[in-house]
Amino acid sequence: MNETELKIRTIGDPVLRKKTKPVKQVTAEHKRMLSLMSRLMYESSGIGLAAPQVGLDISMIVVDIGKGLYKLINPRIVKKEGRQAIEEGCLSCPGISVKVKRAKKVTVQALDEDGRPVVVDAENMLACVMQHEIDHLLGKLIVDYVPMWKKALLGKKIKNL
Ligand SMILES: [Zn+2]
């Protein structure tokens with residue numbers, strides 16, 4: 001994977017709809033890709049980025065809501081609590097924002113960039129972003145949370161799903 005190939009894929013690109021494969025063994029290449037993804041996230045003023053968004057069919061995400069960078073491999077939600085609804089945007093869905101109902105608190109199990117198990121307890125905005133990025137790994141996008149009637153109003157913007 002070449003640095004110059006890393007660019008943000010937008011809605012309509014089939015890679016965004018693919019369910020990613022879990023990483024069996026974490027290598028230096030995964031670590032390198034996580035760094036490149038973080039760099040691209042910061043350059044794009046994003047607060048999270050999942051591997052499918054840069055065309056990689058791999059279970060990896062990066063998240064930074066301004067309180068530190070998380071680089072997670074095979075992230076999985078093991079506990080959910082409460083409810084919240086935050087207006088969300090997505091680098092892969094330019095110009096679209098959707099209020100998504102999600103859990104207010106989540107516990108995420110994952111591997112870090114060196115392959116060590118980590119547990120992240122997230123709440124509020126961080127919990128929201130974790131759930132959003134993990135959705136990407138399952139091929140799910142914020143537009144999937146839009147009710148049918150509203151989809152009709154959004155019309156053209158999301159026609160190419
Ligand atoms: Zn997104």
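Which residues does Asp112 touch, not counting residues up to four places away in sequence? In this predicted model, Asp112 touches Val26, Lys71, Ile73 and Val118 under that exclusion, where contact means heavy atoms within 4.5 Å. Residues are numbered from 1 along each chain as its sequence is written, and side-chain values use heavy atoms, with hydrogens and water left out. Because the model is predicted, local features need pLDDT of at least 70 and side-chain atom pairs count only at pLDDT 80 or more, whereas totals for chains, interfaces and linings use all residues.

Asp112 is found in the loop between strand 6 (105–111) and strand 7 (117–123); helices (H or I, at least four residues) and strands (E, at least two) are DSSP runs, numbered from the N terminus. With a relative accessible area of 12%, Asp112 is buried, the term buried denoting under 20% relative accessible area, exposed over 50%, and partly exposed the range in between (1.4 Å probe, protein chains only). The side chain of Asp112 reaches the backbone nitrogen of Asp114 at 2.8 Å.

The zinc ion has as its protein donors Cys90 (SG), His132 (NE2) and His136 (NE2), at 2.0 to 2.2 Å. Donors are N, O and S atoms within 2.8 Å of the metal (3.2 Å for Na, K and Ca); water is not among the atoms, so sites may look incomplete. The spacing of the donor residues in sequence is C-x41-H-x3-H. Cys90, in the loop between strand 4 (84–88) and strand 5 (98–102), and His136, in helix 2 (residues 124–137), link distant parts of the chain, being 46 residues apart. Cys90 counts as buried at 12% relative accessibility, His132 counts as buried at 8%, and His136 is buried with a relative accessible area of 1%.

His132 is likewise found in helix 2. Neighbours within four places in sequence aside, His132 is in contact with Glu88, Gly89, Cys90, Arg102 and Ile142. With Glu88, the side chain of His132 makes a side-chain polar contact at 2.9 Å; a polar contact is a pair of N or O atoms within 3.5 Å, and within protein one must be able to donate a hydrogen and the other to accept it, while residues adjacent in sequence count only if both atoms are side-chain atoms. Glu88 has Val98 of strand 5 as its bridge partner. Strands 4 and 5 pair in the antiparallel sense over five bridges, pairing requiring at least two DSSP bridges between two strands. The covered face of strand 5 comprises Val98, Val100 and Arg102, and the uncovered one Lys99 and Lys101.

The structure holds 13 salt bridges, each defined as a side-chain nitrogen of Lys or Arg within 4 Å of a carboxyl oxygen of Asp or Glu. Asp135 forms one with Arg102, the closest N and O atoms being 3.0 Å apart. This pair links distant parts of the chain, with Asp135 in helix 2 and Arg102 in strand 5, 33 residues apart; both Asp135 and Arg102 are buried. Salt bridges that share partners also join Lys31, Asp112, Asp114 and Arg116 into one network.

A salt bridge at 3.3 Å (N to O) is formed by the side chains of Lys71 and Glu113. Lys71 lies in strand 3 (residues 70–81) and Glu113 in the loop between strand 6 and strand 7, 42 residues apart. Lys71 is buried, with a relative accessible area of 19%, whereas Glu113 counts as partly exposed at 21% relative accessibility.
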